[in-house]
Amino acid sequence: MISLAGRDIMHGWGKFVFTGMGLGLLIGVTLSMAGIYRGMVDDAKVLMDNSSADLWVVQQDTLGPYAEPSSIFEDTWRGIAAMPGVARTANVTYLTMQVREGDRDVRAMVTGITPGEAGTPGWPPYLVAGRQITRSHYEAVADIASGFKLGDQLQIRRNLYEVVGLTRRMVSSGGDPMIFIPLKDAQEAQFLKDNDAIRQQRRRTAESPAFNRPGMPDLLDAVTASQSTNAYVNAVLVQLAPGTQPEEVAEMIRRWKRLTVYTRDQMGEILTGKLIATSSRQIFMFLVILSIVSTAIVAFIIYTLTLGKIREIAVLKLIGTRNRTIASMILQQSIALGTIGFVVGKITATLFMAPIFPKYVLLEPLDSAAGFGIVVFICILSSLIAIRAALRVDPAEAIGG
Amino acid sequence: MIKKGIRIEGLRKRYGKGDTAVDALKNVNMEVAPGEVVGLIGPSGSGKTTLLKCLGAVIEPTAGRMILGDETIYDDKWLVRDLRALRRDKIGFIFQAPYLIPFLDVTDNVALLPMLAGQRNGESRQRAMELLTALDVQHRAQAMPSQLSGGEQQRVAIARGLVNRPPVILADEPTAPLDTERALAVIRILNDMAKRYETAIIVVTHDEKIIPTFKRIYHIRDGVTYEEAGEGREFG
């Protein structure tokens, strides 16, 4: 038996292919949306993985350091490092801000890392160019997504930093590239004010009788000094010794340090379940809307194509063609249209949309396979209206005027 | 192949019920022998199309009897379960316009029916080619319908009607869009094919040009058929 659907498609292939391409662009957008969601989840996981931490110690009753602000004393790490099962600890600060380089600025997550060596918690685990930070001040390692190059001079607050190393896929959960600088610089950057503001603050402090007491000249100096230094970090990252149960150590820190501690599983839940929850819901709604629009478009196209063949369908029915054959013809055309659309959409999403989209778009093969399955399902669903119309065609329409 | 033509006895068709009922066919009696081509003529609203739909097993008559070949297919009710298969295997249709399937080439337009009946593609195409050769359009076998002239399209439509060797062919104004010369050519072909394949052909027509060519004519008026002898003139 010849393929009626195949012959019909080949007969008007131009119209069919162009229609499929139009549909493909819509499917491409849908696939890209799914890819954006996957990219967000991957960004969150990358952030967690790249920190090289097993535990995150943060301010009590906060979801820090990524989902909520967290502030703990900078010497907290000492007590934690001495606990059994802890291999390494490191302070870390995170600050999302605009980083300038010449005339342009880039939104980046500035990460303060403690002096040490590669493998220290918080440090970028690998570089694609240059070297790690070796000096205590004014050096930076930037992710290549920031667009910075080796040797560039970055301005963070009032200070300039030289880019000495480049990383890849070191991003925040929001997809902003990370820029690593020495911890002390990062602590300072968090609260560093301009000169006018500093002068103003000092004057106000000096005028306060509470700080400038007669006979206690050192008090004012101490207060002024404390105002210009930052003795806090956002979190302590902890690496555990092999064979240690994370929850046991976490419980110990919670108990003795009165701090909140998250294990990798818990942090993963915060990053993917809470931090990007709203974005996920938004993208899911977009996917639903796009799927409905795609269904409506495919249904409309197939219905229109079928209406254009009413006379032929009446003739086919009159000469004894089974309903099954006619339904199969429409169904096959619908699936063929969806397949063309999916191929065009996949190519569009992979080659054109993902590379230029300002966020990381992760197109997983399994998602593509599921996407194809959904497209086929949508096509089957969409063809039902046309099939119903075709099956209602009276073969008698072929007889008489 | 069944070789006994078609016989219709006391066929009636009523649309609607009660006060709004309309008797489209009141008493139709016809008999067409294998190899015979008869005309069925009548004014608009006389019941021609309704009769054709009843004969084509597209609508169900209200009462009467239809015998196709040696099989009674209707006796106050359908006696055949699968009317679709009946249409496919035992009734050929030729329409006012050729109504060829635009996305199939000439051969496949003709071969489609035997394929639908479950015959192999090769056999179906071979049978189609035989008919196309008999109708002198074999040189357009690979052409698409849009590439054919009106006369060629109608010959392909005739081949499609004949391809399953049905005992009866219903031709619904097959010469309406054609000029006299081509209309007479179509009637000549129908007569040749009827004789060659021993098929009974009923031609519904208004066409004054071809009415004189029938040896027998059924007039239908107000749902009742009247038989009369035709002129049986030579074609062209």
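**Entry 1: chain B, overall**

I began with the size of chain B. With 236 residues, a compact globule would have a radius of gyration near 18 Å, and chain B agrees with this at 17 Å. I took that radius over C-alpha atoms, and the globule rule is 2.2 Å times the number of residues to the power 0.38.

A note on what I am reading: this is a predicted model, where local features need pLDDT of at least 70, side-chain atom pairs count only at pLDDT 80 or more, and totals for chains, interfaces and linings use all residues. Residues are numbered from 1 along each chain as its sequence is written, chains are lettered from A and ligands numbered from 1 in the order in which they are written, and side-chain values use heavy atoms, with hydrogens and water left out.

Along its principal axes, the C-alpha trace of chain B spans about 55 × 40 × 30 Å. I found 6 helices and 10 strands in chain B. These are DSSP runs numbered from the N terminus: helices are H or I with at least four residues, strands are E with at least two.

Of the 236 residues in chain B, 58% are buried. Buried means under 20% relative accessible area, exposed means over 50%, and partly exposed lies in between (1.4 Å probe, protein chains only). I then looked at contacts, meaning heavy atoms within 4.5 Å. Among the contacts in chain B with a separation of 6 or more, 68% join residues 24 or more positions apart. The accessible surface of chain B is about 9,900 Å², and 44% of it belongs to carbon and sulfur atoms. Accessible areas come from the Shrake-Rupley method with a 1.4 Å probe; for residues, only the protein chains shown count as cover.

**Entry 2: loops of chain B**

I looked up two positive phi values. Asp76(B) has phi near 65°, and it is not a glycine. Asp76(B) sits in the loop between strand E5 (71–75) and helix H2 (83–90) of chain B. Asp76(B) counts as partly exposed because its relative accessibility is 49%.

Arg165(B) is also a residue other than glycine, with phi near 50°. The loop that holds Arg165(B) runs between helix H5 (150–162) and strand E7 (168–172) of chain B. Its relative accessibility is 27%, so Arg165(B) counts as partly exposed.

Next I checked Gly47(B), in the loop between strand E3 (37–41) and helix H1 (48–55) of chain B. Is Gly47(B) buried or exposed? Its relative accessible area is 9%, so Gly47(B) is buried. Leaving aside neighbours within four places in sequence, Gly47(B) touches Ala24(B), Leu25(B) and Ile220(B).

**Entry 3: aromatic rings**

Phe95(B) and Tyr99(B) are both buried. With Phe93(B), they form one aromatic cluster.

In chain A I noted a charge over a ring: Arg169(A) lies over the face of Tyr360(A), 3.5 Å from the ring centre. The test is NZ of Lys or CZ of Arg within 6 Å of the ring centre and within 35 degrees of the ring normal.

**Entry 4: chain A, overall**

Chain A has 12 helices and 12 strands. Its radius of gyration is 31 Å, well over the 21 Å that the globule rule gives for 401 residues, so chain A is more spread out than a compact globule. Its C-alpha atoms fill a box of roughly 115 × 50 × 45 Å along the principal axes. Buried residues make up 46% of the 401 residues in chain A. The accessible surface of chain A is about 19,500 Å², with 60% from carbon and sulfur atoms.

**Entry 5: helices of chain A**

Helix H9 (residues 277–307) of chain A has 31 residues. H9(A) reaches 44 Å from its first C-alpha to its last, close to the 45 Å expected at 1.5 Å a residue. That expected span is 1.5 Å times one less than the number of residues. Buried residues in H9(A) include Ile283(A), Leu290(A), Val298(A) and Leu305(A). What do the buried residues of H9(A) pack against? Their partners are helices H2 (13–50), H8 (264–275), H10 (310–318), H11 (323–356) and H12 (365–391) of chain A.

Last, I looked up Ser32(A), in helix H2 of chain A. Ser32(A) is buried because its relative accessible area is 7%. Neighbours within four places in sequence aside, Ser32(A) is in contact with Ala349(A), Met353(A) and Val361(A).

Note on methods. Rings of Phe, Tyr and Trp (its six-membered ring) pair if their centres lie within 6.5 Å; planes under 30 degrees apart count as stacked, over 60 as edge-to-face and the rest as tilted.
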